[in-house]
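Let's take a quick look at how side chains sit together in this protein. Have the structure open and follow along.

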Amino acid sequence: AVAASVAVGFGVAASVLALGFSGSQALLYGASVAALGVVFAAVGAVAAQLVGHARTASGAALSVLGVAFALRAVGDVNDSLLSWFSPVGWSQQVELATSPRWWPLALSTVTGLVLLIVAAALVTRRDVGSGVLASRPGPAVASRRLSSPLGLAWRLQRGSVLAWTVAIFALGVVFGSVSGDLESLVADNPTLAAYFAATGGSVTDAFLATSLVLVGLGAAGFAVGSVLRLHGEETQGRLDQVLATAVSRVRVAGSGLVVAVVGVVVVVSAGGLGLGLTEAVVGGDPGAVARLVSQSWVQVPAVLVLVGLATTLVGLMPRASVLAWVAMSWSLVVGWLGGVLSLPSWASGLSPFDHLPTVPVEPVSWAPLLVLLLLAVLLAAVGLTGYRRRDLA
């Protein structure tokens, strides 16, 4: 992970150098990116020693990342010291374009080294296959809700649904807190002004539209992980115990799919709620809560297309299921940077989010939403059919 961070840092440095910056500035910027990667590689290493399950460790590390991002965002908007409590803020304090300085990266270097030393020490203080924090034993008697595949699917994924809901709600709150300072931010940043101009509409509407897309992309991260969990249960042999009973494959896979779809709606709504609440407080518009929650639902059909794609891959080509993450990553690139990168229409059109109406910049158009929903249903049906017929691992 550290090597990958350094490699990305060199790539960033080369890109910045190509833009006309000096060699020292390019190296500084690349180092700031690499340092941030090293810090969170160390965070992940510590989390992996504390708990015994990869999913829990990933969730804990991502929570730290979310808090760091929020501290940096709120600190930058309010011009406060909060940014200095965030590794993301340390990397930004190099001030590449104004007065380049290396010393903020010392904070990242020291923090990364300390965390890696802590992780190395914790390795020798835990049982193999377990974490420092011992897992609690389960109840002696199972709940009646676990007697059905749907109940089991919900029990397995309820922690993930809750974590993503809280994270995307927090993301909405962070974006909403910035909305009151948009005009001043755009006035001082021509690049940001060009970014919002590419979206269209007023600066506020363009910002809210971008925020809603990022909320949808966050929900897509949950959705893809939720569907691919079925393949993980299969490869790790836990699914055999369920299928050995009088339960069909389609019922098992369909139960996981139901949880994923319901979770998508909940996560997207949470993001719209966080955005609406802060917009109501910052902008003094109480109606923003209901409006932004309902507008966030526009993202659901695009997310469900990725759910359908992941289901198809699990059902037909389980070894290629990683392609679902590739599709999600490409959607992120298009949704976040598509307007700035001036991608060709065929390339941006590969993302289902590119076909959504840009609310609130433009009114809701139902035709593309219905087409995306139909595509999602077809992909899910193909995946479930393939899953019923193919050999299991």
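Start with a charge and a ring: the charged end of Arg72 sits over the ring of Phe69, 5.1 Å from the ring's centre. Keep in mind that this is a predicted model. From here, we'll go through the aromatic pairs and then the nonpolar cores.

**Aromatic pairs**
- The count of aromatic pairs comes to 2.
- Trp84 and Trp103 are stacked, because their ring centres are 5.6 Å apart and their planes are at 5°, where under 30 degrees counts as stacked.
- This pair links distant parts of the chain: Trp84 is in the loop between helix H3 and helix H4, while Trp103 is in the loop between H4 and helix H5, 19 residues apart.
- Trp84 is partly exposed at 27% relative accessibility, and Trp103 is partly exposed too, at 49%.
- Phe175 and Phe207 make an edge-to-face pair, with 6.3 Å centre to centre and 90° between the planes.
- Since Phe175 lies in helix H6 and Phe207 in helix H9, their pair ties together parts 32 residues apart in sequence.
- Both Phe175 and Phe207 are buried.

**Nonpolar cores**
- The largest nonpolar core has 55 residues, and Leu230, Val264, Val303, Val307, Phe353 and Leu356 have the most contacts inside it.
- Several helices supply at least two residues each, including H6, H11, H13 and H16.
- H9 gives the most to this core, with 15 residues.
- Another core, of 6 residues, lies apart from the largest one; Val43, Ala61, Ala68 and Val88 are among its members.

Definitions and conventions. Residues are numbered from 1 along each chain as its sequence is written. This is a predicted model: local features need pLDDT of at least 70, side-chain atom pairs count only at pLDDT 80 or more; totals for chains, interfaces and linings use all residues. Side-chain values use heavy atoms; hydrogens and water are left out. A nonpolar core is a set of buried Ala, Val, Leu, Ile, Met, Phe, Trp, Tyr and Cys residues joined through side-chain atoms within 4.5 Å. Buried means under 20% relative accessible area, exposed over 50%, partly exposed in between (1.4 Å probe, protein chains only). Helices (H or I, at least four residues) and strands (E, at least two) are DSSP runs, numbered from the N terminus. Rings of Phe, Tyr and Trp (its six-membered ring) pair if their centres lie within 6.5 Å; planes under 30 degrees apart count as stacked, over 60 as edge-to-face and the rest as tilted. A charge sits over a ring if NZ of Lys or CZ of Arg is within 6 Å of the ring centre and within 35 degrees of the ring normal.
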